[in-house]
Amino acid sequence: MTKADIVSRISDKLGMEKGDVQATVESFMEEVKASLENGDNVYLRGFGSFIIKTRAEKTGRNISKNTTIKIPAHNIPAFKPAKVFIEGVKSNVQVK
């Protein structure tokens, strides 16, 4: 599913203009991104949390030059689904 699909479904479900829904979805994503960039996690009860994870420093390899490189510690955005969300997926989605 793409962002356009989400906008279309919400528009159909609520009877709203697609442009209004598009602006709302875009604003939501911008706020989540801005919060994470400011170091704040976003908690959505019943859905999940957008969190910042810290990756430790590690040693990697540059295969083409056959050398080792240090990859510094860094933060990455992550999503942790709520237990209700996890259980819904477990019970409704068939294992392929």
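A salt bridge here is a side-chain nitrogen of Lys or Arg within 4 Å of a carboxyl oxygen of Asp or Glu. The views below come from a predicted model, where local features need pLDDT of at least 70, side-chain atom pairs count only at pLDDT 80 or more, and totals for chains, interfaces and linings use all residues. Residues are numbered from 1 along each chain as its sequence is written, and side-chain values use heavy atoms, leaving out hydrogens and water.

**View 1. Glu87 and Lys90 meet in a salt bridge.** Their N and O atoms are 4.0 Å apart. Both residues belong to helix H3 (residues 83-92), and because they are 3 residues apart, about one helical turn separates them. Helices (H or I, at least four residues) and strands (E, at least two) are DSSP runs, numbered from the N terminus. An α-helix has 3.6 residues a turn, so residues three or four places apart point the same way. Lys90 is exposed at 60% relative accessibility, while Glu87 is partly exposed at 47%. For these words, buried means under 20% relative accessible area, exposed over 50%, and partly exposed in between (1.4 Å probe, protein chains only).

**View 2. Glu26 and Lys3 join two helices.** This salt bridge has an N to O distance of 2.6 Å. Glu26 sits in helix H2 and Lys3 in helix H1, so the pair ties together parts that are 23 residues apart in sequence. Glu26 is partly exposed, at 24% relative accessibility, and Lys3 is partly exposed too, at 36%.

**View 3. Lys70 forms a salt bridge with Glu57.** Here the closest N and O atoms are 3.8 Å apart. Lys70 is in strand S4 (residues 67-71) and Glu57 in the loop between S2 and strand S3 (58-62), so parts 13 residues apart in sequence are tied together. Lys70 is exposed, with a relative accessible area of 60%, whereas Glu57 is partly exposed at 48%. The count of salt bridges comes to 3.

**View 4. Helix H1 and the glycine after it.** Gly15 follows H1 and has a positive phi, near 70°.

**View 5. Thr54 on strand S2.** Thr54 is found in strand S2 (residues 48-55) and counts as exposed, at 61% relative accessibility. From Asp12, Thr54 is 42 residues away in sequence and 39 Å away in space, C-alpha to C-alpha.
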